[in-house]
Amino acid sequence: MQTHLSFKSAQELFRTVKGASYQCDRSSRIILEFGDLVAAFRINEFLNFRRHVNSIDIHSKLFDLSDECDYELIEAAQQNISHKLTLCEVIQLRELVNGTHFALELNSLLHEVFSAEFSVS
């Protein structure tokens with residue numbers, strides 16, 4: 001877990017009640033802040049982390065009555081992150097990473113459109 005990250009040069013991408021994400025152009029990183037979890041990802045690391053969070057089968061865990069299904073271990077080896085989350089927290093983290101991904105895609109699309117528009121005129 002990293003807590004020494006600076007948000008001064010970062011632009012907010014997405015915010016939920018439980019966390020926020022930022023894009024730092026200086027370091028080319030996506031910064032996730034979720035509860036006491038703060039991590040900076042390179043874009044490929046973020047996409048892998050998002051894939052991992054989205055691969056958790058929440059539906060089957062909801063109907064599994066065993067104690068080990070009440071929690072999910074979220075890991076990102078590149079960031080030395082290993083965090084035990086409840087299923088509600090996993091759903092909230094999923095909302096944050098998917099919202100962040102949407103914001104990145106939207107920014108990219110807008111950049112393409114505006115770049116094409118200015119190059120035509």
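Student: Is E12 buried, partly exposed or exposed, and what is the relative accessibility behind that label?

Tutor: In this predicted model, E12 has a relative accessibility of 42% and therefore counts as partly exposed.

Student: Which residue forms a salt bridge with E12?

Tutor: The partner is R15, and the closest N and O atoms of the two residues are 3.0 Å apart. R15 is also partly exposed, since its relative accessible area is 47%.

Student: Why can such side chains pair at all?

Tutor: Side chains of opposite charge can pair when their charged atoms come close.

Student: How many salt bridges are found in the whole structure?

Tutor: A search of the whole structure gives two. Besides the bridge between R15 and E12, there is one in which the side chains of E72 and K61 meet, at 2.9 Å from N to O.

Student: Where do E72 and K61 lie?

Tutor: E72 belongs to strand β5, residues 71–76, and K61 to helix α2, residues 58–63. The pair therefore ties together parts that are eleven residues apart in sequence.

Student: Are those two buried or exposed?

Tutor: E72 is buried, with a relative accessible area of 16%. K61 counts as buried too, at 17% relative accessibility. Both labels apply because buried means under 20%.

Student: Changing topic: how many helices and strands are in the chain?

Tutor: The chain has three helices and six strands. Along the sequence they follow the pattern β-β-β-β-α-α-β-β-α.

Student: What is in the helix at the end of that pattern, α3?

Tutor: Helix α3 covers residues 87–120, and F114 has its place there. F114 is partly exposed, with a relative accessible area of 44%.

Student: Lastly, what are the dimensions of the box?

Tutor: Taken along the principal axes, the C-alpha atoms fill a box of roughly 65 × 30 × 25 Å.

Methods
Residues numbered from 1 in each chain as written. Predicted model: local features only at pLDDT ≥ 70, side-chain atom pairs only at ≥ 80, totals over all residues. Heavy atoms only, no water. Helix = DSSP H or I, 4+ residues; strand = E, 2+ residues; numbered from the N terminus. Buried < 20%, exposed > 50% of the residue type's maximum accessible area, 1.4 Å probe, protein only. Salt bridge = Lys/Arg side-chain N within 4 Å of Asp/Glu carboxyl O.
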